[in-house]
Amino acid sequence: ADIVLKKVRELRKQTAKNIEAELSKTASAADYGSLKKEDLLEVDNLASPDVMARIEDIALRIAKQVLEKNHYTFTVPSRASTNQHYIKSLDRIALGSASGTRTFASVSEVRKTTITARCMELIYNVLGKGIHITKRDLFYTDVKLFVKQADSDGVLDDISTMIGCTRSNLNVVASDKGLVVGRVQFTEDGDVIDCTRMGVGGKA
């Protein structure tokens, strides 16, 4: 058992090094070809407090719009194919600087604007508690508003681009990757995983 555990730990360290090497491919080292760095949307791998701070900044801008008697509007980076660019030196797809607006005053956009605001509120609360939830969990938090899970799922990518972080930084995962039952706490890549915070039964 000790030999197997040793091998697993070695593989884990190697995987971590590979991930770190991949993340070290910074924008400054990239060859953008005909594009300029400022023409691309930069996304950072942010810690939860930083993501919360950016959500607060968006909330403050909305509050200011409302106090000025304007209908609040979100500026959402475009994820359309025409705004996606392949950066060969990074072997990645990057978003350009094109963006659109989502306003509460528009009849055609009011529902999606409301869903965006509600999802940001739920994500903020999740980050504040230091837990992870699934997309399904998020959907069932407000079924009457979301109606279909596709409606809440689609907004998550918009929110991550608005904030300028990766989607995983929102602490919303695609689905359960396993099951742990009991009062279990462990550390993974510097994150403290507390299974008891995911429900009375202590499962996640």
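Visitor: Is asparagine 171 buried or exposed?
Guide: Buried. This is a predicted model, and in it asparagine 171 has a relative accessibility of 7%, so it falls under the 20% cut-off for buried.

Visitor: Where does asparagine 171 lie?
Guide: In the loop between H6 and strand E6, which covers 172-173.

Visitor: What about the backbone there, what's the phi of asparagine 171?
Guide: Positive, about 65°, although asparagine 171 is not a glycine. Valine 147 also has a positive phi of about 65°, and valine 147 is not a glycine either.

Visitor: OK, and valine 147, buried or exposed?
Guide: Exposed: its relative accessibility is 51%, and the cut-off is over 50%. Valine 147 is found in the loop between helix H5 (143-146) and H6.

Visitor: Back to the loop between H6 and E6. Where is glycine 164 found?
Guide: In that loop, between H6 and E6. Glycine 164 is buried, with a relative accessible area of 4%.

Visitor: Which residues does glycine 164 touch?
Guide: Leaving out residues up to four places away in sequence, glycine 164 touches Glu42, Val43, Asp44, Leu46 and Arg54.

Visitor: How far apart are glycine 164 and aspartate 44?
Guide: In sequence, 120 residues; in space, 6.1 Å from C-alpha to C-alpha.

Visitor: Let's do serine 152. Where's its place?
Guide: In helix H6, residues 149-163. Serine 152 has 0% relative accessibility, so it counts as buried.

Visitor: What does serine 152 touch?
Guide: Ile115, Cys119, Phe139 and Phe146, again not counting residues up to four places away in sequence.

Visitor: And isoleucine 115, where does that lie?
Guide: Isoleucine 115 lies in helix H3. It is buried too, with a relative accessible area of 2%.

Visitor: Which other contacts does isoleucine 115 have?
Guide: Besides Ser152, isoleucine 115 touches Leu145, Phe146, Asp151 and Val155, with residues up to four places away in sequence left out.

Visitor: Changing topic: histidine 71, buried or exposed?
Guide: Exposed, with a relative accessible area of 54%. Histidine 71 is found in the loop between H2 and strand E1, which spans 73-77.

Visitor: What does histidine 71 touch?
Guide: Gln65, Thr103 and Ala105, not counting residues up to four places away in sequence.

Visitor: Which elements give two or more residues to the lining?
Guide: Helix H2 (48-67) and H3. The largest share of the lining, five residues, comes from H3.

Visitor: Which residues line the second largest pocket?
Guide: Ile55, Ile58, Ala59, Ile62, Phe74, Ala117, Met120, Glu121, Tyr124 and Asn125. By class, that lining has eight nonpolar, one polar and one charged residues.

Visitor: Zooming out, how many helices and strands does the protein have?
Guide: Six helices and eight strands. From the N terminus on, the elements run α-α-β-β-β-β-α-β-α-α-α-β-β-β.

Visitor: And what share of the protein's residues counts as buried?
Guide: Of its 204 residues, 30%. The accessible surface of the protein comes to about 13,400 Å², with 54% of that belonging to carbon and sulfur atoms.

Visitor: What's the mean pLDDT of the protein?
Guide: The mean is 79, and 76% of the residues reach 70 or more.

Visitor: Which elements have the lowest and highest mean pLDDT?
Guide: Strand E8 (residues 191-194) has the lowest, 69, and helix H3 (residues 110-129) the highest, 92.

Visitor: Where is the pLDDT below 50?
Guide: Over residues 200-204. Beyond near neighbours in sequence, that stretch has 17 contacts in the model. Where pLDDT is low, the predicted coordinates should not be read in detail.

Notes: Residues are numbered from 1 along each chain as its sequence is written. This is a predicted model: local features need pLDDT of at least 70, side-chain atom pairs count only at pLDDT 80 or more; totals for chains, interfaces and linings use all residues. Side-chain values use heavy atoms; hydrogens and water are left out. pLDDT is the predictor's confidence in each residue, from 0 to 100. Helices (H or I, at least four residues) and strands (E, at least two) are DSSP runs, numbered from the N terminus. Contact means heavy atoms within 4.5 Å. On a 1 Å grid over the protein atoms alone, a cavity is a set of points where a 1.4 Å probe fits but cannot get out, and a pocket is an open set with protein on both sides within 12 Å along at least five of seven lines; lining residues have an atom within 4 Å of a point. Ala, Val, Leu, Ile, Met, Phe, Trp, Tyr, Cys and Pro count as nonpolar, Asp, Glu, Lys and Arg as charged, and the others, Gly among them, as polar. Buried means under 20% relative accessible area, exposed over 50%, partly exposed in between (1.4 Å probe, protein chains only). Accessible areas come from the Shrake-Rupley method with a 1.4 Å probe; for residues, only the protein chains shown count as cover.
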